[in-house]
Amino acid sequence: MFTANLNAPESRIDRVQLAALGGLMVLGVAFVYSATMVNEPLGFWAQYRDVTLVEFARWLIGEFFFRQIVWYLLGAAAGAAICLLDYRVLARWSFVVYGTTLLLLVVVLVPGLGTMRYGARRWIDLGFFQFQPSEFAKLAFVLSLAHFLSRPPEELRRIFWKSLGLMVLPFLLILKEPDLGSALVLVPAGLGMLYVAGTPRRYLIRLVSVLGILGALFLVDVFFAPPNWQIKVQDYQRRRLLVYFGQSYAPPPGASKAERERLRKQQFDDSHNVRQALISVGSGGLAGKGWRRGTQNALGYLPRAVAHNDFIFSVIAEEKGFVGSVVVITLYAVVLFTGLRTAGQARDRLGRLLAVGIVTLLFSQVFINIGMNIRIMPVTGVPLPLLSYGGSSVLGSLIAMGLLQNIYIHRKG
Amino acid sequence: MLFFDQLKKNDPQLRLLTMVVLGGLGVLLAGLWWVQIVSARDYQARLETQSFRTVRLPAVRGKILDRTGVALADSRPSFNASLYFEELRKPFDAAYTADLAALRRQLHAQMTEQEHALKHPLTRKERARFALSADQKNALRQRARYQVASNLVAYLSARLQQPAALDEQKFQRHYAAALVLPYPVLLNLDPTNLARFEEQSVTLEGLDLEMQPVRVYPYQTTAAHLLGQLRRDISSAEGEDSFLNYPLPVFRGTVGLEAAFDAQLRGRSGSKSVLVNNLGYRQSESVWSAALPGENVVLTLDLRLQQAAERALAQAMTEVRGAVVVLDPRNGDILALASAPSYDPNMFVRGLTPAEGRYLSDARLRPQINRAVQENYSPGSIFKIIVGLAALESGLDPRATYHVQPDPASPGHGCIFVGRQKIRDLAAPGDYDFHRALLRSSNAYFITNGLRAGIENILRLTRRLHLGELCGLPTRQEVRGNMPTLPEVRARWTAGETANVCIGQGEVDVTPLQVAVVTAAIANGGKVLYPRLVAAVAPQDPFSGGDRESFPGGQVRDELGVRPRNLQLVREAMLAETEDLEGTGYAAFHRGKPGAPVLPTFRVCGKTGTAQVKDASGRTVDHTTWFTSFAPYEDPRYVVVVMVESGGSGGGTAAPVARDIYLKIEELERAGAFRLPVVAQKN
């Protein structure tokens, strides 16, 4: 058996995890198709049958599901390529990668270079591709923090503040875009890695309490402080938080009736996405309405702009019901737990920390995204890894999975 | 198992992390279970309320048919050319985009101009003045929509050569409130325009025909009072879906047969649900419950007789106000029931014009009153039939003569004194027996013999004739008439009042239909019948399997209970009224005096009457003229009662109307028109 492993290194890859990833990608294509093909009731085959091959190809290139397939292929290739090099070799370049992504995060903030969409500057327009640096910054952060923390545990106390600084830099830059959700997922990933690296407990407890108090103060400030005392947050973020906590938009004292009316309407509009996502998920029931039979998306109640990316889970839950939700969560569970197993079997501290960072990053994104569909988390623009449409997100996620496989391939024993 | 491996190993950090991940996924699963399993019903209901609109489907209203199956009230499809908004979304958007771009260019030009004027680039604050607010964009969108629709309507109008305009306010209101319903542009297209539309419609996206059943009365004013009126109504009847988002109006009867048989005529409205998208545009629709058409109501009326009666009545005088009843004395079937002036019930369907509204509320004409059943009239001399019969029953010798004394004021006429009151008599002074007294309509004779018989005997007879009571028409638009009751008479009564009753004045009032029932009883040998107006209620589709409900004719309400010999005496005297040279009705039925009879075969028994209409102070202000009759004498099949307000005299004004009706009846009988079953079996 030992010799067999040596002779066939491909057998050392984590097949269970690969199968789960494959399942997620199949679901991704199927439901991006469902979410975006509502205006073409004839579907794929009619399109193939009725037009010439060139026209068909042109049509296909414009369609989200096909692009998603392309991104999966590119991502899988990138992930496989990463497996060719030992992760320990890769880690030596981590600070180069980290620096590059920080630079890109700065570049995206420059008007003219970064593209503005929905009031946020998160993308760099490359023509064929809207490049979203924050997706890669997360990964770069995990890689460099793992590298940084992989030194002997005795030194951790000394470098505690430095490692925090490693986290705060991308956090602030992403927050500036603004993209609160993407910034926030860095926190659990960083905390998880610090904890697993063996940072002394009281440091961690202090850190968590300080973060908790700061968060609470922030919320109190946003909700209750008089206007000129409030920290400047984006108005839409404040409103999202108000929606999440079920607070009504307080009209300024002495507001006219029209103003009150406007605020009430705005609140209704702002909570629209959450409300519609909940209706989608809830009306799916046990077994769902069937693939491409969901009405929330087809009728446009679930906004078209977000159905195939941030709210893809609503589409799945509506069309496949609770059964579909359980399947999705099971697939993620398989990926997460095989990832943790990889961490447990890693050859060295670097591999262990890297695996933990990737798993916590993935987990927090899944939790935030699905949680926002059922209103246990506020709405933030966090995509559902591997299922949501989006080149940067898919590429980043698959590269991360490639890293996990890399650690698994070079595991102990 | 995957994660148990982690939990077993001695690796506390990873174990904790595993538990956190496990817990997190557990929370998600629990949340999903709560939303998708426990509260699923709730969310499904919310989905329905936000994406379904229910619309009523009006049922086709049943017809009202005459006895031969001709529709007096019908439903016809009305075609509207309507805008379908869901097909106009793209043009709306395109127009808006174009308008927005134009406006932006304009604003930009203004901005550059300002920059030139100020000689420096505008600051952010100054620029903001040129930005478009959401309200402005909304207004722009509204205007773009209206322009697209209005262009389409103008194009249609040109193609159909039919003026059409789009009222902007109405259009915007409809868009805001009833987006899923088509917006009617041209109502009620006639066949030519329909054909033109069909030719063009291929090129007109967003325009299509919409069909609605509309009530129509093909014979306009004919039998209008009986048929009644409708109004548009949006409430739901019992057994229909209520809580509709768009309860399209249906017709509800408010007056006449339309009201009395509304439950049967209106059928049952169905409903459909329209799936709408987030902007409220119609996506698809499905019928929940189909509309059930209403049932037909079959009348005893004969359209030809009804028309003949109305025509004859209209010729009686100018601006005639009167009524005609044609009844079959054998079974009480109402063959015609006319009231003048009439109105066209179609105008209630399409809405009244101010002139029509004024006409309907004219205080003198009162066109909405059915004068055959809805108004009290003094019977005048026709009441002498009843008084005479009562006198004969109480022992009057028909051959005994009574001498009428001349009126001191006008020696050519008779008169009688009751107490100190003088009652004039149009008949000449001289000797009168029963026969001559009835055909000359001698007041003095009937007052004397009426007083002799006594008011109570007269009233016993009127009670068996059910005067002072409703005839029981289903239209329920009836008055009772007036007839003193026995207790009233016993409590307070004077001979003068009895004398007035004997000549059909004073305390007695009747309706023409009541007079027809009385005359039918004389004609048929003493059977007091319920008049019948509705023969049956039958399903519109004879093969639908629905039940036909028939109302039998010839329902006897009472027996007159008088000796046949006395009835015969009355009949003979009534015959003489139109055949004896002295008879008040002779002139109407003969060419010249003496002359040949106008009617080829019928011998008509009749009685004229001219009742005085008095005002509050007792002065005579007007006359009600009557002619009640039946024919043929040998085998009475028709009772014709004519009443004309403000006529000259019974013989001069009312009798010719009856004669014209009999002429028509004879013509129809000769043509074999009545050789149909009594009540038409086909629909």
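Leaving aside its neighbours within four places in sequence, which residues is Thr462(B) in contact with? Points 1 and 2 set the ground; point 3 answers.

1. **Reading the model.** This is a predicted model, in which local features need pLDDT of at least 70, side-chain atom pairs count only at pLDDT 80 or more, and totals for chains, interfaces and linings use all residues. Residues are numbered from 1 along each chain as its sequence is written, while chains are lettered from A and ligands numbered from 1 in the order in which they are written.

2. **Confidence.** The predictor gives the complex an ipTM of 0.90 and a pTM of 0.70. pLDDT is the predictor's confidence in each residue, from 0 to 100. Chain B averages 87, and 96% of its residues score at least 70. Take care with residues 677-683 of chain B, where pLDDT stays under 50. The model has 14 contacts beyond four places in sequence for that stretch. Where pLDDT is low, the predicted coordinates should not be read in detail.

3. **Thr462(B).** Two residues are in contact if their C-beta atoms, placed from the backbone, lie within 7 Å. Beyond four places in sequence, Thr462(B) is in contact with Ile386(B), Leu467(B), Gly468(B) and Met483(B). Thr462(B) lies in helix α18 of chain B, residues 455-464. Helices (H or I, at least four residues) and strands (E, at least two) are DSSP runs, numbered from the N terminus. A residue is buried if 20 or more other C-beta atoms lie within 10 Å of its own, exposed if 12 or fewer, and partly exposed in between; these C-beta atoms are also placed from the backbone. Thr462(B) is buried because 24 other C-beta atoms lie within 10 Å. The C-alpha atoms of Thr462(B) and Pro182(B) are separated by 61 Å, and the two residues are 280 apart along the chain.

4. **Helix α2 of chain B.** This helix covers residues 12-38. The expected span of a helix is 1.5 Å times one less than its number of residues. An α-helix has 3.6 residues a turn, so residues three or four places apart point the same way.

5. **A sheet of 3 strands in chain B.** The order is β1-β8-β9, the sheet is open and the pairing is antiparallel. Two strands pair if DSSP finds at least two bridges between them. β1 (52-57) and β9 (282-289) of chain B each have a single partner strand, so one side of each is left without a neighbour in the sheet. Neighbouring strands are turned by 25° against each other on average, direction ignored. Axes are lines fitted to C-alpha atoms, for helices over the stretch in contact, and angles run from 0 to 180 degrees between N-to-C directions. β1(B) is joined to β8(B), residues 270-276, by 6 bridges. Arg56(B) stands opposite Ser271(B) in β8(B).

6. **A sheet of 5 strands in chain B.** This open sheet has the order β12-β11-β25-β24-β23, with antiparallel pairing. Its edge strands are β12 (334-340) and β23 (605-614) of chain B, and each pairs on one side only. Here neighbouring strands are turned by 10° against each other on average, direction ignored. β11(B) and β25(B) are joined by 6 bridges. Helix α21 (residues 512-523) of chain B packs on the sheet and touches β11, β24 and β25 of chain B. The direction of α21(B) makes about 145° with that of β25(B).

7. **Chain A.** There are 19 helices and 3 strands in chain A. Of its 413 residues, 44% count as buried. One of the buried residues is Leu350(A), with 22 other C-beta atoms within 10 Å. Leu350(A) lies in helix α18 of chain A. β1(A) and β2(A) pair in the antiparallel sense over 4 bridges. β2(A) and β3(A) also pair in the antiparallel sense, over 2 bridges. In the hairpin of β2(A) and β3(A), Gly127(A) takes a positive phi near 85°.

8. **Where the chains meet.** The contact takes 37 residues from chain A and 34 residues from chain B. On the side of chain A that touches chain B, α17(A) gives the most, with 15 residues.
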